[in-house]
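Reader: Hi! Could you walk me through this one? I'm new to it.

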Amino acid sequence: MNAPTALATDKVAMRTEPIQQRSSERITRLLDAAASLIDDDGIDGVTTSAVAQRSSSSVGVVYRYFPNIQSLLRALAARNMERYLEIVWKGVEESGPEPWSSFDSTLNAFITMTRDEPGFRALRFGDVIDQRFISPELSNNAILAREFAAQIGRTYDFEPDDEIVFHVEVAVEIASGLLYRAFQLDKQGDERFIETTRKLCGDYLRTHIPLPRS
């Protein structure tokens, strides 16, 4: 099965489209610098001058690609989502044939990102700043829910309806809130909240979306 194409970065406003390899590498350095600053000083520590210094660039280079810090953080949030989904799709492809076999790997992907991806614990997909940080039309969790529902449909060969999307989004909202709490005070995550998330979301999905579907 094939992973979906990029879903979020086309909604991120940048001054210059990163067509050339050199431009793409510069944007990567700027985003990496912002992520590093978030780990060191929190989201408020991400300023134009700090990003320029951390990336060995100039303030002019930052402004060349991002009109303001908000757009830079939005690009980083979109990259976070794309990296997360890449791990998710790999887990789906490697999962066994039993229903909901990929659920644990999907949850584990988020836990791994929170522990290991620079800046992710604080920024995640931008929901700590705005629930519609990546797209003005949908909440960040709604984007994830639609991606997950589409993947379920591809795996079991059916078209997800609004009810399935709703139930997936409910599960995403439950996981989002509990995992935020799990990592709020513990950088490695409070295992009690993590395992409670696994059980509540797993039970909810298996109850409301029985698989496979005919």
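Author: In helix α5, the residues F103, D104, L107, N108, I111 and R115 meet E191, I194, T197, R198, C201, G202 and L205 of α9. Contact here is heavy atoms within 4.5 Å, and helices are DSSP runs (H or I, at least four residues) numbered from the N terminus. This is a predicted model, where local features need pLDDT of at least 70 and side-chain atom pairs count only at pLDDT 80 or more, while totals for chains, interfaces and linings use all residues. Residues are numbered from 1 along each chain as its sequence is written, and side-chain values use heavy atoms, with hydrogens and water left out.

Reader: Which helix meets α9 through F166 and H167?
Author: That's α8; its residues in the contact also include I174 and L178, and among those it meets in α9 are F193 and Y204. α8 and α9 pack at about 175°, with axes 9 Å apart, so α8 is roughly antiparallel to α9 as well. Their contact has 16 nonpolar, three polar and one charged residue.

Reader: New topic: how much space lies in the largest pocket?
Author: About 560 Å³. Of the 35 residues that line this pocket, S102, F103, T106, F148 and L205 are the closest to its centre. The lining has 23 nonpolar, nine polar and three charged residues.

Reader: Which helix gives the largest share of the lining?
Author: α7, with seven residues.

Reader: Where is the cis peptide bond?
Author: From L211 to P212, with omega near 0°. P212 is in the segment after α9.

Reader: And what is phi of W100?
Author: Near 60°, a positive value in a residue other than glycine. W100 sits in the loop between α4 and α5. Most residues other than glycine have a negative phi, and most peptide bonds are trans.

How values were computed: Helices (H or I, at least four residues) and strands (E, at least two) are DSSP runs, numbered from the N terminus. On a 1 Å grid over the protein atoms alone, a cavity is a set of points where a 1.4 Å probe fits but cannot get out, and a pocket is an open set with protein on both sides within 12 Å along at least five of seven lines; lining residues have an atom within 4 Å of a point. Grid points are joined across faces, edges and corners, and a volume is the space filled by probe spheres set on the points. Ala, Val, Leu, Ile, Met, Phe, Trp, Tyr, Cys and Pro count as nonpolar, Asp, Glu, Lys and Arg as charged, and the others, Gly among them, as polar. Axes are lines fitted to C-alpha atoms, for helices over the stretch in contact, and angles run from 0 to 180 degrees between N-to-C directions. Angles under 35 degrees count as roughly parallel, over 145 as roughly antiparallel, 65 to 115 as roughly perpendicular and the rest as oblique.
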